[in-house]
Amino acid sequence: MTTREYMLGNVAIARGLLEGGVQLAAGYPGTPSSEIIDTLASREGRDYYIEWSVNEKVAMEVAVGAAWAGVRSVVTMKHVGLNVAADPFMTLAYAGTKGGLIAIVADDPSCHSSQNEQDTRRYAQFALVPCFDPSTPQEAKDMIPYAFEFSEKFEIPVIFRPTTRISHGKSDIELGGIPTDKPEPNFEKLLDRWVMLPKNARPRHTHLLSIQKAMEDALAESPWNSLELKPDAKLGVIGAGIASVYAKEALEELGLEASFLKIGTYPVPKKLILEMLETVNAVLIFEELEPIVEEQVKLIAQEAGLPVTVMGKAGSFVPREGELDISAFLEALKKAFDLDVEPETGSISLELAPRPPALCAGCSHRATFYSMKKVFGKDAIYPSDIGCYTLGIQSGTVETTLCMGSSISIASGLYHAGEKRPICCSIGDSTFFHTGMNSLLNAVFNKANITVTILDNRITAMTGHQPNPGVGYTITGEPTVEVSLAELCRAMGTGSVAVVDPYNLEETQEAFKAAKDFEGTAVVIAKQPCVISGKRAGIKRIPYVVDPEKCEGCKQCVKFGCPAIEFDEENKRAVITALCSGCGVCAQICKFDAIREVKR
Amino acid sequence: MSERAGVKKIDLLITGVGGQGAILASDIIGKAAVVSGIPIRAAETHGMAQRGGSVVNHIRLGSDFGSMIPKKGADIMLALEPMEAVRYLDFLKDGGVIIVNTQPIIPVTVTSGMAKYPDVQEILDTLSEKYIVKAFNADDLAYEAGSRLAMNVAMVGAVSGYLPVPKESLLESVKALVPQKTIEINVRAFEMGRRKVEES
Ligand code: SF4
Ligand code: SF4
């Protein structure tokens, strides 16, 4: 009997890692990848090492160490994380591995929670490394043990690229067994492999190129690519990764006579592509983001001299940005083959209020931003970074967001460019540990006259509350050093460092004033636990209420933007809802003393 | 083709606001489906949108394909919030069923005066022109059952009659997924929600 369980895609991927006998897992949190490590960490009786690293490059290097010791390791991140880890990764492709190494890099077509839509398959091509592109959560789980074996067979790291809908999709998953017998680590001193001096790198590059064909042939035989030729079909459809499922469903619904090739690995299965191209007049290629399969198909058709029409992103049959779905496939079919498929319009026209995500009620970031704005004013420039606090854009204190860790360096650049306006940047605690530290060091060293605010909510909140070096415990809950942000900043030579409680507006504003007046790089650390993780850790605060007798309806508290404060238009009074987490900041804002703690 | 083992295929959309428990609602249905041997695919909103933003979950019962319901493909919509029912109507079949909680959650864009919240009665009237609408205040119903927090489970009860999953399996997964101390309240909320729709 097989066991089935209802699982999130990322949980299924974690299960695949267990079934593949993983021995070390490292990662940096990033939506949509985070739950993989979280799931592995919460497992009882772990027989593998697991960590949240401070950034993706570090995580990659930790995994490399394990793979060079001959055991199976995994590193997880989101697409933009691979930019950070690209440096070790590109050279790792040359050096190769002993134990299997899988880099799980989750893509986010449509930017559900990301700053860009880059396609990780390009990195695989770039590094000449194979890439696995699952089409369903079940396949994602099943692919992982295969990917480990593949990695070991060719002694090469592999990329595994789920997309948001795989990572955060759920389905009934058929489980396999988990091995208990695992190899002992044994680091072999292969200096010509592990020391990438030019003399060693050159032959490794040649080696890497020489195994491409063998890897491609092996992958073509794998279960992740499949070709269904319809004897009389003149039309072919090629679908890659998750897009193949949408194409397949639409084809079946329409009952269309078309040959179908599903692609789940790179390098692409040339043999299968050729087989299809020999039987059809035209192919439509359906893949998310970059036209990677499409480019390959065109090359193959040209080399073989086959007069097949290739349609996809070129000619705009399929969009090059955003997420694809069944409608996009029907649209593409219609355009490519003049098919009669019904248009999908006709919803109801009612003016809806937008509902953007917002900082939680009582989030300390909102309070910090409030004080920051009070002191620095409208005229100042506010570079910021990536985390929950980016949602503070409504506060008027988030004016740049480029990539993790960039806020401080951008602030420095603005200053050194000759900006005369005051500059106050903000960065979260995790982001500071990720790559913000380098930027602060640089700012201090090169004498940037800026204020750096570290929004220290004692956790990596946005991605689901993962620990970082500032919190004092590891992913498994083990106590560890609690790195002091203030000491760290001082050690880098920062001349002015203040730690404040952002719930105390007066104290915080005093600190901002001093920082603003300081000549050079000043740091203000606003320290207060995230309300969600705080609640989980047992912090209880008394909620606040508006005294209707005293409220003058001035809306000052409403403007603060806490989701727990609403305005009762009928009675022209503010009201505090059950969402209140009791931070007490609105009470300090109210000029009429109308907000107070609920009486017990 | 898309039906397996004679299971009826149902595409269900759950819409609401981050923090209302849409994920738990879909987990209850998902877990119950697996126990009943029904293939299930689902997609949910994580990350950014969870912080009080608009969320939508796709649930496909009896489906072997992807987790995303095609436009105009959903048979039923379970809306935990009235305005969010309208936001995702594109996905609902003409003549489909909408079960909607009439308790609005006012977004910050409205409290801060940037936008207006549409009149709830107007929402319901407009919906009724094209769809079969079952509307009630599920927050109040859950309160009656013992806690407003059980709203999502009351809504699962409300939709339960339309699902190819046995009621017993659904109740089992309610018991498995809600906090131990609140099982009784949640079971009550489920039954009350179910009755509400049966009676209407
Ligand atoms: S999760 Fe924590 S850090 Fe993020 S908005 Fe909510 S309170 Fe703030
Ligand atoms: S005390 Fe005021 S600002 Fe703080 S969470 Fe409650 S309503 Fe919001």
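# A chat about a two-chain model

Student: Hi! What is the relative accessible area of A:Leu197?
Tutor: Hi! A:Leu197 has a relative accessible area of 46%. That figure falls between under 20% for buried and over 50% for exposed, so A:Leu197 counts as partly exposed. Keep in mind that this is a predicted model.

Student: Where is A:Leu197 in chain A?
Tutor: A:Leu197 sits in the loop between helix 8 (191-194) and helix 9 (198-210) of chain A.

Student: Let's move to helix 9. Where is A:Leu209, and how many residues separate A:Leu209 from A:Tyr94 in sequence?
Tutor: A:Leu209 belongs to helix 9 of chain A. In sequence, 115 residues separate A:Leu209 from A:Tyr94, while their C-alpha atoms are 9.5 Å apart in space. A:Leu209 is partly exposed, at a relative accessible area of 44%.

Student: New topic: salt bridges. How many are there over all chains?
Tutor: A search of the whole structure gives 50 salt bridges over all chains. In general, side chains of opposite charge can pair when their charged atoms come close.

Student: What does A:Arg355 pair with?
Tutor: A:Arg355 forms a salt bridge with B:Glu84, at 2.6 Å from N to O. This pair crosses between chains: B:Glu84 is in helix 2 (residues 82-87) of chain B, and A:Arg355 is in the loop between helix 14 (326-337) and helix 15 (364-376) of chain A.

Student: Is B:Glu84 buried or exposed? And A:Arg355, buried or exposed?
Tutor: B:Glu84 is buried, with a relative accessible area of 0%. A:Arg355 has 6% relative accessibility, so A:Arg355 counts as buried too.

Student: What about A:Lys572, which residue meets its side chain?
Tutor: A:Glu569 does, in a salt bridge of 3.1 Å from N to O. A:Lys572 is partly exposed at 45% relative accessible area, and A:Glu569 is partly exposed at 46%.

Student: Now one in chain B. What is the N to O distance between B:Asp64 and B:Arg41?
Tutor: The distance is 3.9 Å, and the two side chains meet in a salt bridge.

Student: How accessible are B:Asp64 and B:Arg41?
Tutor: B:Asp64 counts as partly exposed, at 31% relative accessibility. B:Arg41, at 13%, counts as buried.

Student: Which residues are linked in a network of salt bridges?
Tutor: The network in chain A takes in A:Asp107, A:Asp119, A:Arg121, A:Asp133, A:Arg161 and A:Glu287.

Student: Switching to helices: at what angle do helix 16 and helix 17 of chain A pack?
Tutor: Helix 16 (residues 406-416) and helix 17 (residues 429-445) of chain A pack at about 25°, and their axes are 7 Å apart. Angles under 35 degrees count as roughly parallel, so helix 16 of chain A is roughly parallel to helix 17 of chain A.

Student: Which residues meet there?
Tutor: From helix 16 of chain A come A:Ile408, A:Ser409 and A:Ser412. They meet A:Phe432, A:Gly436, A:Ser439, A:Leu440 and A:Ala443 in helix 17 of chain A.

Student: On to the backbone. What kind of peptide bond joins A:Thr31 and A:Pro32?
Tutor: A cis one, with omega about 10°. A:Pro32 is in the loop between strand 2 (24-27) and helix 2 (35-41) of chain A.

Student: And what is omega for the bond from A:Tyr266 to A:Pro267?
Tutor: Omega is near 0°, and this peptide bond is cis. You will find A:Pro267 in the loop between strand 12 (265-266) and helix 12 (270-277) of chain A.

Student: Last one: what is phi for A:Leu128, and for A:Glu155?
Tutor: A:Leu128 has a positive phi of about 60° although it is not a glycine. A:Leu128 is in the loop between helix 5 (120-127) and strand 6 (131-132) of chain A, and is partly exposed at 23% relative accessibility. For A:Glu155, phi is near 50°, a positive value in a residue other than glycine. A:Glu155 lies in the loop between helix 6 (137-154) and strand 7 (158-160) of chain A, and is partly exposed with a relative accessible area of 26%.

Technical notes:
Residues numbered from 1 in each chain as written. Chains lettered and ligands numbered in written order. Predicted model: local features only at pLDDT ≥ 70, side-chain atom pairs only at ≥ 80, totals over all residues. Heavy atoms only, no water. Helix = DSSP H or I, 4+ residues; strand = E, 2+ residues; numbered from the N terminus. Buried < 20%, exposed > 50% of the residue type's maximum accessible area, 1.4 Å probe, protein only. Axes fitted to C-alpha atoms, helices over the stretch in contact; angles between N-to-C directions. Parallel < 35°, antiparallel > 145°, perpendicular 65-115°, else oblique. Contact = heavy atoms within 4.5 Å. Salt bridge = Lys/Arg side-chain N within 4 Å of Asp/Glu carboxyl O.
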